[in-house]
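Visitor: Could you walk me through how to read a model like this, feature by feature?
Guide: Gladly; let us look together.

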Amino acid sequence: MLRPIVVAVLLFLLPLPLVGQVMLLIPGHQSELVHPFREAGVTIPLAGSGWADGGQMLPSLRGVEFDRSPEATRKLFYTLVMPTERPVSMQAEWLNLYLDAVARRHPDEPVILVAHSIAGVVARYSLVTRRRPEVEVLITIASPHVDSSMIQLGDFFWQSPLGTYTPLLSQTDLQQLLELYSGISPNQPGNVLRWLSHQTHPDIRYVSIVRFSDTVVDPVLQDLNRVADLRGRAEMLLSPGSHALSAMDGTLLAALFSGQFPSR
């Protein structure tokens, strides 16, 4: 009679199994960078704080491929190859393919989406158009979330890093970029931001990292709390610097999941 009680006590004292976390780093459009999160140094502080580098996820004729074998670790991040010049809806389809692949490779593990710039819009589009129970957190960095006259297609396009490279673009490339940015410009039919503002967002953790010195996307528009369905539900963190990614973003992400910024 005593033995079952002792076993029960020992089981109670054992630490509970820890659920792993998978972080997906989704790039916005930075045409001068091939792998923006890596080249900007975002992954270095993450790796230094205990997040294992799972490598790159990329599309192939067989679906989604991983460029390295999985690691047995509690915290893992992947960087994604995305068609960043294509419209939001198409990018969301790619993101869904990546999420399906992650769910197969890491079943029952919560997924954290970290999206820079317009990728924040892509991630929201994916979450409201398809049920994604594996996603528990969405973090956006310098993303435009509200349709406003403060976002003008010309300003957003020419003041962004794209403006420097437009003389080097072919007519096809330029048309693709215009399709992408017209989707978030006001007074455009099918404005994605306006449509998203009327959608129900899933009950997950939302964090907006707001660049208060951003000259590409007005900082006021980067706060997810300005979306009607997310008002009062999102955390907001102010970050110095310009619109582009930097190593500081990796430090901030690491701090978010080390308990320094507890969730609401």
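Guide: Helices (H or I, at least four residues) and strands (E, at least two) are DSSP runs, numbered from the N terminus. This is a predicted model, in which local features need pLDDT of at least 70 and side-chain atom pairs count only at pLDDT 80 or more, while totals for chains, interfaces and linings use all residues. Residues are numbered from 1 along each chain as its sequence is written, and side-chain values use heavy atoms, with hydrogens and water left out. Asn96 has its place in helix H4.

Visitor: Is Asn96 buried or exposed?
Guide: Buried means under 20% relative accessible area, exposed over 50%, and partly exposed in between (1.4 Å probe, protein chains only). Asn96 counts as buried because its relative accessibility is 10%.

Visitor: What is Asn96 in contact with, leaving aside its neighbours within four places in sequence?
Guide: Contact means heavy atoms within 4.5 Å. On that basis, with those neighbours left aside, Asn96 touches Ser126, Arg130 and Arg132. A polar contact is a pair of N or O atoms within 3.5 Å; within protein, one must be able to donate a hydrogen and the other to accept it, and residues adjacent in sequence count only if both atoms are side-chain atoms. The side chains of Asn96 and Arg132 make such a polar contact, at 3.2 Å.

Visitor: Where is Glu109 found?
Guide: Glu109 sits in the loop between helix H4 (88–105) and strand E5 (111–116). Its relative accessible area is 24%, so Glu109 is partly exposed. Leaving aside neighbours within four places in sequence, Glu109 is in contact with Gly20, Gln21, Val22 and Glu134. Glu109 and Arg74 are 35 residues apart in sequence, and their C-alpha atoms are 9.4 Å apart in space.

Visitor: How do I read strand pairing, and in which sense do E2 and E4 pair?
Guide: Two strands pair if DSSP finds at least two bridges between them. Strand E2 (residues 52–60) pairs with E4 in the parallel sense over 4 bridges, and Asp53 stands opposite Phe77 in E4. With strand E3 (residues 63–66), E2 pairs in the antiparallel sense, over 4 bridges. Leu58 has Glu65 in E3 as its bridge partner, and a hairpin of 2 residues joins E2 to E3.

Visitor: Which element gives the most to the lining of the second largest cavity?
Guide: H2 does, with 3 residues. Helix H2 (36–39) and strand E4 (75–80) each supply at least two lining residues. Among the residues lining this second largest cavity are Leu25, Phe37, Arg38 and Thr79.

Visitor: Why is helix H10 described as largely enclosed?
Guide: In helix H10 (residues 247–256), 7 of the 10 residues are buried, so the rest of the structure largely encloses it. Asp249, Gly250 and Leu252 are among the buried ones. Their cover includes strand E1 (21–26), helix H3 (43–48) and E5.

Key
On a 1 Å grid over the protein atoms alone, a cavity is a set of points where a 1.4 Å probe fits but cannot get out, and a pocket is an open set with protein on both sides within 12 Å along at least five of seven lines; lining residues have an atom within 4 Å of a point.
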